[in-house]
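Open your viewer and get the selection tool ready.

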Amino acid sequence: ELLNKYNINKAFLASTGISILNGVTNSSPLETDIKRTVVTKSSNVLLMVDDSKFDKYALTTYCELSEIDYLITNSKPSEEYRQYANQHHINIVTP
């Protein structure tokens, strides 16, 4: 409830796994509730995951992949993820 009072400009989040089907996931239900609220209240959502998180999912989903504004990762994602990002206006940032 406390987070609902905040207007968040940029949220930098991590994830246990991401997939096009299951979205952005997390293992902890408590963290999932917090992250879901942060995503809802943020103007810009930046997701930071390494390449081992793609096509993986955990116990709970805290947002759809389409709700992410920036996907920051260590290597270029597969063509499927690049097309999805393009269709949903997600900026992919890699080194």
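Start by selecting Leu65, Ile68, Leu71, Tyr81, Tyr84, Ala85 and Ile90, which line the largest cavity. A cavity here is a set of points on a 1 Å grid over the protein atoms alone where a 1.4 Å probe fits but cannot get out, and lining residues have an atom within 4 Å of a point. This is a predicted model, in which local features need pLDDT of at least 70 and side-chain atom pairs pLDDT 80 or more, while totals for chains, interfaces and linings use all residues. Residues are numbered from 1 along each chain as its sequence is written, and side-chain values use heavy atoms, without hydrogens and water.

The space inside the largest cavity is about 30 Å³, a volume being what probe spheres set on the points fill, with points joined across faces, edges and corners. Now colour helix α2 (residues 79-87): this helix gives the most to the lining, three residues. Helices are DSSP runs (H or I, at least four residues) and strands are E runs of at least two, numbered from the N terminus.

Next, show Phe54 with Tyr81. Their rings are edge-to-face, 5.0 Å centre to centre with 85° between the planes; pairs need centres within 6.5 Å, and edge-to-face means planes over 60 degrees apart. Phe54 sits in the loop between β4 (42-48) and β5 (60-63) and Tyr81 in helix α2, so the pair ties together parts 27 residues apart in sequence. Both Phe54 and Tyr81 are buried (under 20% relative accessible area, 1.4 Å probe, protein chains only).

Finally, select Leu13. Among the residues it touches are Lys35, Val38, Leu47 and Tyr62, not counting residues up to four places away in sequence; contact means heavy atoms within 4.5 Å.

Methods:
1 Å grid on protein atoms, 1.4 Å probe; cavity = no way out; pocket = protein on both sides within 12 Å on 5 of 7 lines; lining within 4 Å. Phe/Tyr/Trp six-rings, centres within 6.5 Å; stacked < 30°, edge-to-face > 60°. Buried < 20%, exposed > 50% of the residue type's maximum accessible area, 1.4 Å probe, protein only.
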